[in-house]
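Here is a short briefing to read alongside the coordinates. Have the viewer open and follow the topics in turn.

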Amino acid sequence: MIRWLITLMIMFFPVITMAEPGIPAVTITTGEDGGQNYTVTLQILALMTALTLLPAALIMMTSFTRIIIVLSILRQAMGVQSTPSNQVLIGLSLFLTFFIMHPVFDNAYQNGIKPYIDGEIEVTSAFEKTSQPFKNFMLAQTRESDIELFANIAGTQDLETAQDVPFSLLLPAFVTSELKTAFQIGFLIFIPFLIIDLVVASVLMAMGMMMLSPMLISLPFKLMLFVLIDGWVLLMGTLASSFYI
């Protein structure tokens, strides 16, 4: 996981790596009285600033957005407002994101980060090779119509191939496309639970039990349906495979 965080930092914030390799992070000076003073350079300040922006990069440039939206819609469709809790959903989304993005992180580290740490390539080449796996992943999940929309807004007309799309244009197009896909999957998940609610409401209406909440009666049936079809395995497998079709 630490290696993946380093990969994201160098890919999304190349300014950190542009500091001279000979500049130490902490400078130690000896005073006239023999004491030592420690001075933290601006490189550490840039590093800490980048760390605060890493969560946004993790959410916007990976599969996290689609997964957390689908899981939230599932919880709403089942009628269980706080089960699983937000902490469980976020944790599940994070670990599933790491599983899905593992090939991308590993490719970026092996081709960009590791050669740069070993001193085999320069920072510019390291940035290009590190960002390329992320760009390929985002392009594979982004609709062409979304790219064309933001290209027209930005006034960019000289995009001959997908590789010519800059990150500044690809990022909003990718997020928009992920939101569309997540809501499409959520709609399909919502339908069977909605049918159960309608059936239960119709039965209660026919029996004259209008004061009894249909949600209270339909909840056990929805839980039973989800368990019988092995819903968690089916949902997790579908989400993971949806990124590599």
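Let's start with two phenylalanines: F137 and F243 are both buried. Please keep in mind that this is a predicted model.

**Aromatic pairs**
- The whole structure contains 5 aromatic pairs.
- One of them joins F137 and F243, which are stacked with 6.0 Å between centres and 20° between planes.
- This pair bridges distant parts of the chain, since F137 sits in helix α5 and F243 in the segment after α9, 106 residues apart.
- Another pair is F193 with F226: the planes meet at 45° and the centres are 6.4 Å apart, so this pair counts as tilted.
- F193 belongs to helix α7 and F226 to helix α8, so the pair ties together parts 33 residues apart in sequence.
- Both F193 and F226 are buried.

**Around F137 and F243**
- F137, F174 and F243 are linked into a cluster by ring pairs.
- Beyond its neighbours within four places in sequence, F137 is in contact with M61, T62, S63, M101, V104, F174 and F243.
- R66 lies over the face of F243, 3.9 Å from the ring centre.

**The nonpolar core**
- The largest nonpolar core has 44 residues, and those with the most contacts inside it include F137, F193, V70 and L74.
- Elements giving two or more residues to this core are α2, α3, α4, α5, α6, α7 and α9.
- Helix α3 provides the largest share, 10 residues.
- In general, nonpolar side chains tend to be buried together in soluble globular proteins.

**Helix α3**
- Helix α3 covers residues 64-78 and reaches 21 Å from its first C-alpha to its last, close to the 21 Å expected at 1.5 Å a residue.
- Of its 15 residues, 13 are buried, so α3 is largely enclosed by the rest of the structure.
- Just after α3, G79 has a positive phi of about 85°.

**Helix α7**
- The 40 residues of α7 (167-206) should span 58 Å at 1.5 Å a residue, and the end C-alpha atoms are 58 Å apart, which agrees.
- Where does α7 have a kink? It lies at I191, shortly before the proline P192, and is about 30°.
- Just after α7, G208 takes a positive phi of about 75°.

**A loop residue to check**
- D230 is found in the loop between α8 (214-228) and α9 (231-241).
- The phi of D230 is near 55°, positive although the residue is not glycine.
- Most residues other than glycine have a negative phi.
- With a relative accessible area of 42%, D230 is partly exposed.

Terms used: Residues numbered from 1 in each chain as written. Predicted model: local features only at pLDDT ≥ 70, side-chain atom pairs only at ≥ 80, totals over all residues. Heavy atoms only, no water. Helix = DSSP H or I, 4+ residues; strand = E, 2+ residues; numbered from the N terminus. Expected span 1.5 Å × (residues − 1). Bend = angle between axes of the 7 residues up to and from the residue. Buried < 20%, exposed > 50% of the residue type's maximum accessible area, 1.4 Å probe, protein only. Core = buried A, V, L, I, M, F, W, Y, C linked by side-chain atoms within 4.5 Å. Contact = heavy atoms within 4.5 Å. Phe/Tyr/Trp six-rings, centres within 6.5 Å; stacked < 30°, edge-to-face > 60°. Lys NZ or Arg CZ within 6 Å of the ring centre and 35° of its normal.
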